[in-house]
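Dear colleague,

Please find below the structure that I am handing over to you. My notes on it follow directly after.

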Amino acid sequence: MAYKIIEGCVNCWACLPLCPSEAIREALPHFTIDARACTECEGDFADPQCASICPIEGVILDGLGVPVNPPGSLTGIPPDRWAEIRTQIQAR
Amino acid sequence: MELKVIADAAGAPGGGCASSGCGAGGDKLAHLPEAIRAKINNHPCFSEDAHHHYARMHVAVAPACNIQCHYCNRKYDCSNESRPGVVSEVLTPDQAVKKVIAVAAAIPQMTVLGIAGPGDPLANPQRTLETFRQLSEKAPDIKLCVSTNGLALPGLVDEICKHNIEHVTITINCVDPDVGAKIYPWIFWNNRRVTGRKAAEILIAQQQKGLEMLVARGVLVKVNSVLIPGVNAEHLKEVSRVVKAKGAFLHNVMPLIAEPEHGTFYGLMGQRGPTNEELSALQDACAGDMAMMRHCRQCRADAVGMLGEDRGDEFTLDKIAAQEVDYAAAMARRAEVHAAIEASRTAQRNQSSETFVSIASLTRRRPARPEPRPVLMAVATTGGGVINQHFGHAREFLVYEASANDVRFIGHRKVDLYCSGDETCGDGESVLAKTIRVLDGCEVVLCSRIGYEPWGQLEAAGIAPNGEHAMEPIEDAIAAVYREMGAAGLLECSGGTAQRMTA
């Protein structure tokens, strides 16, 4: 199994030096993961490194094609609470 | 000589000296040891006076970041926006060094090279340190600076000191993890993503430790804080106390920039930024006897030129690719230019003290009258400490407060802070209308020249345009206009004692 970077990646380089398998490649329009080299960090780290530093929700998929950082996971605010939180923030 | 005697005797606050421009009595950095003042004398970001004369540049070699801030959007690539974290192209260390050499040769008043992003420079240690290593070797007359969120700082302090970096800026928005949890959704720490209060706790501990380590090694540390209304506004007074106690020499409180089109969390959620009044009031409250910085322009991570100006377009990779610079020759020319700048600064300082003595003596001659009220004036300048810009060309104005005691720099107001792009970015407001709006509270605007139409509209808005002091030193001109206003009876204060105004 391997992780995958998809459209939406902003090429910020954060993941590349962290990969224990050197599976991440600088590329355009966005960085890519060499599926043959990716180990999902098994045996190296408890958490997959690329997905743990990636700042963009939804752009790294796991081996099953599921986003590792789904909407709301990086802002800390699930989409169904946005309206409520926005009201609180706008009252500042 | 008579003027000197009066200047020495002037016991009023400000000492009869321009608080923002004078190198002696009224200098906000006067409390600093001589060695530190020498280090920042020609640093535009650290010395308010130096920013009129010297330029800086940032090279964007550091794209990665190890934390997320709610005021930052990591999709940083935009050519039209001028704010931190935004760049047009990310450079390799070799490309960055080539660019710095090209700029240093073309803009000799560029004294400072900073690495500020677009991510966190210390989250890209190899790229950042390699750039510094090459520059300290090839361009030893350029000061090197780095800014950081502080997370990786303690582990890199020794490396930083090795590369002869004299100045470090740490962005510290809080010292309380409960406040931090509202600003930082996550950090990357020890190979894991950490969220919430715990993340803020680690970040704060690292920032404070890094600050202490740098101060212990004699590195100058400036602290940047982003003022976020309703989140850390009151708390920044505590931050200021803490970082000052630990030895930071300058605190720079910057306004939050948050617009929906930036795609930041705060922008999308409608978090407001502070008003000019809120910002000035907080800067005053934090000031105490610590130097507060009010001239920060919140530059892009690839800005080039004088503060408030960006000449990055002149030095894109394709334009500098074929250039070969003889740096030894460039360095000799740079030294000549720096010497000329210092000579003109000294001349301006001497001239200024005469002007300010005469204001003091003006009020002294009429002791029975209430103190005249302070007045805010805006200035269009491209640098050099003089009024030398056409009103219509000004993308920002410096705001000064003139009072009976001194002329004090309050801050700058940008006409196009957020975007200078095409109509798809704009809100349809004409540039002139926008300019008049940002000058709210100012009674005079000084510029080298001004067109007929804006002249009329400014007057209609209650702002007096003034083009009579072109090429004169800013503070002398403001003092002169203030005296004229006094003579015309425009400074009568209805409320008795004059209050400090805010920009």
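The helices and strands named in this message are DSSP runs, numbered from the N terminus. Please keep in mind that this is a predicted model.

I begin with helix α7 of chain B, which covers residues 196–216. This helix has 21 residues, and its first and last C-alpha atoms lie 31 Å apart, close to the 30 Å expected at 1.5 Å a residue. Among the buried residues of α7(B) are B:A199, B:I202, B:L203, B:G210 and B:L214. Just after α7(B), B:G218 takes a positive phi of about 80°.

**The two domains of chain B**

Chain B is divided into domain 1 (31–314) and domain 2 (329–487). In the contact between them, 38 residues of domain 1 of chain B meet 33 residues of domain 2 of chain B. The size of an interface is often given as the accessible area lost when the parts come together. For these two domains of chain B that area is about 2,800 Å², with 46% of it on carbon and sulfur atoms.

Across this interface there are 3 salt bridges. B:R334 forms a salt bridge with B:D141, where the closest N and O atoms are 2.7 Å apart. The interface of the two domains also holds 11 residue pairs in polar contact. On the side of domain 1 of chain B that touches domain 2 of chain B, α3 (93–106), β3 (110–115) and α10 (276–287) of chain B each supply at least two residues. The element that gives the most to that side is α10(B), with 4 residues.

**Where chain B meets chain A**

Here 27 residues of chain B are in contact with 26 residues of chain A. The two chains bury about 2,200 Å² between them, 60% of it on carbon and sulfur atoms. The count between chain B and chain A is 1 salt bridge, and the side chains of B:R192 and A:D47 meet in a salt bridge with an N to O distance of 3.0 Å. There are also 11 residue pairs in polar contact between chain B and chain A. The elements giving two or more residues to the side of chain B that touches chain A are β6 (186–189), β7 (192–195) and α9 (265–269) of chain B. The largest share of that side, 4 residues, comes from α9(B).

**A histidine in a loop**

B:H43 is found in the loop between α2 (34–40) and β1 (55–58) of chain B. Is B:H43 buried or exposed? B:H43 has a relative accessible area of 1%, so it counts as buried. Leaving aside neighbours within four places in sequence, B:H43 is in contact with B:A50, B:V112, B:K143, B:C145 and B:H167.

**Salt bridges along helices**

Over all chains, the count comes to 22 salt bridges. Side chains of opposite charge can pair when their charged atoms come close. B:R133 forms a salt bridge with B:E137, the closest N and O atoms being 3.5 Å apart. B:R133 and B:E137 are 4 residues apart in helix α4 (residues 125–138) of chain B, so about one helical turn separates them. B:R133 is partly exposed at 35% relative accessibility, and B:E137 is exposed at 57%.

Yours sincerely

How values were computed: Residues are numbered from 1 along each chain as its sequence is written. Chains are lettered from A and ligands numbered from 1 in the order in which they are written. This is a predicted model: local features need pLDDT of at least 70, side-chain atom pairs count only at pLDDT 80 or more; totals for chains, interfaces and linings use all residues. Side-chain values use heavy atoms; hydrogens and water are left out. The expected span of a helix is 1.5 Å times one less than its number of residues. Buried means under 20% relative accessible area, exposed over 50%, partly exposed in between (1.4 Å probe, protein chains only). Domain bounds come from an automatic or database domain assignment. Contact means heavy atoms within 4.5 Å. Buried area is the accessible area (1.4 Å probe) that two parts lose on being put together, summed over both. A salt bridge is a side-chain nitrogen of Lys or Arg within 4 Å of a carboxyl oxygen of Asp or Glu. A polar contact is a pair of N or O atoms within 3.5 Å; within protein, one must be able to donate a hydrogen and the other to accept it, and residues adjacent in sequence count only if both atoms are side-chain atoms.
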